[in-house]
Amino acid sequence: MDFTSFVKPSNGGSAGDTDENADTSKLQFWKHVEYIENHGKQEDDYEYCMTEFLRMSGIYWGVTALDIMDQLDRLDRKSIIEFVKRCQCPVSGGFAPCEGHDPHMLYTLSAVQVLSTYDALDVIDCDAVVRYVVGLQQPDGSFFGDKWGEVDTRFSFCAVATLSLLKRMEQSIDVDKAVRFVMSCCNQTDGGFGSKPGAESHAGLIYCCVGFLSLTQQLHLLDVDKLGWWLCERQLPSGGLNGRPEKLPDVCYSWWVLSSLTIMGRLHWISAEKLQQFILSCQDTETGGFSDRTGNMPDIFHTLFGIGGLSLLGHSGLKAINPTFCMPQYIIDRLGIQPQVLTHA
Amino acid sequence: MSDDLPEEFDLIVLGTGFAESCIAAAASRIGKTVLHIDSHDYYGDVWNSFSLEAFNKLLDQPSSSLRNGSYTWHEPAEEAPSWTRETLLEKSRRFSLDLSPRVAYSAGALVQLLIKSNICRYAEFRALDHVCMLYNNELVSVPCSRSDVFNTKTLTMVEKRLLMKFLTACNDYGEDKCNEDALAFRGRTFLEYLKAQRVTDKIATCVMQAIAMCDASSSFETGMQRTQRFLASLGRYGNTPFLFPMYGCGELPQCFCRLCAVFGGIYCLKRSVDDISWTPDAKELLLSSAGKTLRAKHIVCAPGQLPATLAPHYGQLQPHISRGLFIAASPLGNEELNKGGGGVNLLRLLADEGQREACLIQLSHYSGACPAGLYILHLTTPAFSEDPAADLADFTAQLFETNAPQILYSAYFTITAPTNANESAATPIYCTAAPAYELDYDAAIADARHIFSQIYENDDFLPRAPDPEEIVVDGEDPSALNEHSLPEDLRAQLHDLQQAAQQMDIAE
Amino acid sequence: MHGRVKVRTTEEERERKKKEQVLKMRAYRAAMTRIQKKRSAGELDDELLGLTVQILQRNPDISTLWNIRRECVLRKTGELQSALKELEATEAPEATVAAGKLEEVEKEDKVEKEEKDDTGEADSKAVTGVAALAQQLQAIYTTELDLTEHCLMVNPKSYNSWHHRCWTLEQNPQADWQRELQLCNKYLKYDERNFHTWDYRRYVSAKAAVPAEQELDFCTEKIKVNFSNYSSWHHRSLLLPTLYPNEQHDRPMSEHKLQEELEMVLTAAFTDPNDSSAWFYQRWLLGSGAQERDQPVAVAAFRCWPHKAQLALKKPYPELPQLQIQLISEQQTWQLQPWQPTNGEKTQWQCDQAIYIDPSQDYVLALAGQRLKLSVQPSDKSLYYFVPPHAT
């Protein structure tokens with residue numbers, strides 16, 4: 001891959017480094033690599049400590065973003081795999097965000113995603129993971145997030161994504177019922193989805209539901225034109241996308257809308273050029289990393305969605321990302337999984 | 001009486017009206033020693049609010065700044081027989097009757113000053129409920145905000161679009177994206193521009209009467225500027241662009257006085273100054289007051305508080321503002337305008353084909369200025385005679401002949417102003433202006449700012465006053481942080497946790 | 001992590017902040033260690049509850065701590081409930097009375113404890129015992145509700161706090177749903193778009209059996225305050241079809257109500273055409289009702305030549321080959337099969353079959369309970385059916 005168009009590594013001492021108004025029209029490639037690489041290094045970092053309750057997802061965000069930038073070798077594969085292994089709950093089979101915390105569907109998917117990326121699924125008890133996920137399905141087809149009973153379409157997505165990566169979807173859960181539940185969360189007003197039946201459409205949950213239908217090969221159930229219209233209306237004059245009408249744009253919503261439109265074959269309904277400008281404007285040219293909006297504090301979560309969004313838009317120098325899994329496409333190919341995608345209309 | 005009073009001050013301010021209080025606070029704020037006195041036994045001078053009894057007393061005893069006072073008790077209305085002269089006077093102290101009532105633009109000079117100086121923590125406001133206009137002799141609410149336009153039944157759907165489009169164009173005017181047509185109206189009247197937009201008569205009335213507050217001769221630029229001022233104040237607090245100080249406008253000068261006192265200003269009420277003397281070269285002025293001599297580097301004085309010996313320098317006291325004040329048992333306008341007992345409504349009235357105007361502020365008990373079930377109507381117009389009732393006759397006719405509320409009490413008076421206030425070079429005393437005819441406090445603040453800058457050329461006018469917790473003790477080293485300098489909540493958290501975890505075997 | 005503005009700090013501030021953070025971190029770690037130790041020792045007591053409060057108040061997103069609270073609550077309520085049962089059992093003859101009293105005592109507490117019981121001394125003792133336990137039980141739930149309320153003030157979008165609140169209410173057979181409704185009103189005043197609050201409102205109003213009319217009025221008020229409130233329009237769209245059903249099922253609601261809604265949404269669009277909320281709502285109003293939605297196979301076009309038939313659907317229907325699709329004339333009926341998809345989305349299908357077409361006859365295509373009248377294409381004598389887009 002040719003990185004000559006990108007800013008040189010910071011220790012190379014290029015002129016751009018001292019420039020306070022560093023260029024946000026270009027991807028600050030090495031700054032971001034450095035940002036992610038350093039993210040977990042200072043254990044005494046306050047931000048890092050206070051976010052331990054979602055550490056597993058944090059690792060997934062970092063690992064995925066680095067792999068998309070073809071810099072995965074900057075992280076220590078062995079210690080990450082060891083960490084993931086330690087987080088599997090010996091009783092339930094689910095994964096906790098870190099040691100000392102309880103297992104949850106959200107971190108179970110993150111763990112499986114990380115291990116898939118490292119091609120190391122064999123180090124954990126996959127049967128136990130399947131048992132965990134299956135055990136959380138409810139009679140109406142919905143999924144609990146954990147044993148405490150919160151129901152949300154996010155967990156439907158987590159369930160089928162986890163099982164798809166483990167290639168265990170078919171014989172485990174009741175897919176028909178799961179589909180019926182997700183479709184009961186579809187709103188007639190705009191064709192979008194909320195977190196539960198009757199809930200307002202929201203780009204994040206639309207991504208979960210469209211992703212869910214993509215994994216269960218049921219995209220034909222969508223009213224693609226209606227939903228596509230609502231989604232492309234999320235683009236604002238700044239080029240960024242918001243998650244709901246009359247809200248501010250955000251890099252992570254940009255990903256959710258963008259990936260949904262990609263799965264539905266309607267990526268061309270928004271201005272890719274303006275979105276790219278917006279995402280790039282959310283880079284922190286000083287420390288690296290992306291923030292939710294221009295000028296805000298960067299974090300690892302928005303960094304993945306910034307990089308992921310640019311990859312979907314075809315930014316050069318980035319590996320292709322799979323819109324359904326939000327993982328590098330080559331890994332999905334390696335696993336031989338084919339989430340459904342609609343062709344251009 | 002206050003014989004332990006120091007005898008030397010940087011600044012002595014006579015009168016505790018709005019502008020004087022601003023100046024006193026501003027001087028005190030920058031470390032000047034300030035003595036603030038008033039010949040009355042109350043704060044605020046002609047800017048104060050009074051109980052009903054005190055107000056009547058004031059009207060009975062003309063003073064240099066207030067004259068031509070009169071008041072009348074009316075027969076209680078059939079619908080409200082319980083409100084008699086006696087019952088009203090029983091509740092005298094529940095009234096805050098303003099001499100100089102006004103409203104403030106939410107983004108206007110007053111609010112900006114209160115926020116900037118951090119004086120806002122002393123004040124409390126009510127957002128105005130309605131801005132009204134008279135249309136075909138009927139009192140209607142002018143839709144101010146986006147949601148007002150959406151909800152109003154007085155405009156058709158097309159009128160709503162026209163109004164919104166017009167206001168948006170005004171709002172954008174002056175920015176890069178301002179449309180070309182607007183430029184063609186520079187130098188012409190605002191009314192011409194409005195007519196060219198082909199708005200309906202009703203919308204034109206809304207804009208001219210209530211939003212731009214213009215008359216036929218107002219220039220395009222003036223109209224635009226005023227409309228923008230109106231729009232800029234929208235959406236900050238409540239549904240209209242205006243605020244009214246809770247418990248009456250008399251609260252405001254006192255807010256500034258409090259700030260002045262916090263920074264060491266000394267207050268003396270009921271103290272008048274008999275004479276002020278100075279010599280051309282001396283750096284001091286001498287005040288004789290209650291048999292004592294006080295020395296000040298500078299003196300600021302309200303027109304009505306000038307010692308008799310100096311008053312002639314400032315010319316004759318002329319009628320300046322004509323005021324009417326009515327207490328009614330029912331509000332003006334329909335139920336829609338007075339939902340749930342009403343709030344504070346504003347109406348600008350025109351007479352003589354727009355040559356003259358008056359301002360009406362209606363207060364319900366939600367303003368804190370009168371008992372529940374009653375309404376205060378403040379009517380204000382620039383004076384042109386010694387008869388305030390006659391000056392206001394055209395406006396009271398418009399208001400009361402068709403929409404008559406049940407009036408229980410009416411009063412009229414004149415506020416005066418010296419003919420050449422602020423212009424007397426014969427004395428080194430800075431004389432503030434009498435209350436101007438204006439909606440907000442712009443002129444009063446400009447006056448205070450101007451006088452302050454003449455005295456203290458290089459100092460900031462009312463910079464932000466720190467909150468008590470922000471005041472830093474000299475010599476504190478911020479890097480030497482210990483638990484005692486932590487924010488309150490964090491310290492509590494640490495304390496809780498350390499107590500709970502006392503037996504923990506964790507190495508610190 | 002959303003919406004945090006990056007501010008340049010001076011070296012001093014940075015230093016101060018850092019020290020503050022170190023202290024905070026130390027406190028957090030100490031408490032977490034202690035919590036985990038107590039939990040694994042099975043000490044699900046008030047001290048443990050107290051420790052979780054310290055952290056949750058500042059960071060309600062740590063789901064494990066909520067789980068621990070639930071474990072503690074279950075332990076405590078379980079103990080109280082079995083104590084209650086025991087008490088009732090010892091008063092065997094009066095057991096049913098006592099149980100019945102329980103609710104009455106609850107009510108009495110609110111109505112200023114007027115008439116004390118009239119069942120005699122001995123019984124009243126049992127009742128007070130029961131009442132005291134019941135009160136303790138309620139106190140446990142109240143503590144949880146108060147904590148979630150506090151946490152929601154810190155972060156009104158905390159999934160965990162909202163869920164814990166639901167969980168607590170579900171545990172309590174005497175939950176006060178009206179109070180919850182008031183809470184929704186309060187939070188929606190602070191943030192009229194918080195979808196958590198709207199979701200919670202739907203959950204609560206179902207529990208409290210709030211009439212749909214009342215909910216609709218609430219929506220209308222919210223829209224009057226600010227019509228750029230997509231959440232409110234959405235909530236409205238859920239209420240109207242049940243409140244004002246459309247007899248023909250061809251519109252989302254009755255004609256009369258539809259007129260009113262259109263008037264309202266047009267007013268919004270005329271007031272501010274840039275507000276998108278109204279446009280989505282208007283499109284829904286003008287869209288079709290239940291009929292088309294319920295029809296899984298919607299034919300967009302059909303064409304039939306002597307040697308093949310082609311079918312285009314409005315929406316993909318992968319199970320098409322399993323349907324019976326018939327071409328019917330006055331004299332003959334053809335079973336059209338087998339069907340092959342001609343595009344990936346499975347909206348276009350083809351059936352290669354020999355068919356004799358007599359242009360002088362009338363033909364009908366029958367599928368999935370629909371009968372579509374076909375026309376003849378004069379140029380090549382083929383049969384066709386075609387719905388112009390947006391014909392309805």
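Contact here means heavy atoms within 4.5 Å.

## Basis of the model

This is a predicted model, in which local features need pLDDT of at least 70 and side-chain atom pairs count only at pLDDT 80 or more, while totals for chains, interfaces and linings use all residues. Residues are numbered from 1 along each chain as its sequence is written, chains are lettered from A and ligands numbered from 1 in the order in which they are written, and side-chain values use heavy atoms, with hydrogens and water left out.

## Nonpolar cores

In that sense of contact, A:F305 touches A:V251, A:C252, A:W255, A:W256 and A:C326, leaving aside residues up to four places away in sequence. A:F305 also belongs to the largest nonpolar core, which has 138 residues. A nonpolar core is a set of buried Ala, Val, Leu, Ile, Met, Phe, Trp, Tyr and Cys residues joined through side-chain atoms within 4.5 Å. Buried means under 20% relative accessible area, exposed over 50%, and partly exposed in between (1.4 Å probe, protein chains only).

The members that touch the most others in this core are A:V84, A:Y118, A:F143, A:L165, A:F193, A:L222 and A:F305. Both domain 1 (51–177) and domain 2 (186–344) of chain A supply at least three residues to this core. Another core, of 116 residues, lies apart from it and includes B:L52, B:M224, B:C257 and B:I445.

## The two domains of chain A

Chain A is assigned domain 1 (51–177) and domain 2 (186–344); such bounds come from an automatic or database domain assignment. Their C-alpha centres are 21 Å apart. Domain 1 of chain A brings 28 residues to the contact and domain 2 of chain A brings 32 residues.

The two domains bury about 2600 Å² between them, with carbon and sulfur atoms giving 73%. Buried area is the accessible area (1.4 Å probe) that two parts lose on being put together, summed over both. On the side of domain 1 of chain A, the residues losing the most area to domain 2 of chain A are A:W61, A:I68 and A:F157, together 28% of what that side buries.

There are 2 salt bridges between these domains, a salt bridge being a side-chain nitrogen of Lys or Arg within 4 Å of a carboxyl oxygen of Asp or Glu. A:D67 and A:K319 form a salt bridge at 2.7 Å, N to O.

## Chain A against chain C

In this interface, 57 residues of chain A are in contact with 49 residues of chain C. The pair buries about 5100 Å², 53% of it on carbon and sulfur atoms. Across the interface there are 2 salt bridges. A:D102 and C:R39 make a salt bridge, with the closest N and O atoms 2.8 Å apart.

## Chains B and C

Chain B has 14 helices and 20 strands, and chain C has 13 helices and 10 strands. Helices (H or I, at least four residues) and strands (E, at least two) are DSSP runs, numbered from the N terminus. Buried residues make up 53% of the 508 residues in chain B and 46% of the 392 residues in chain C.
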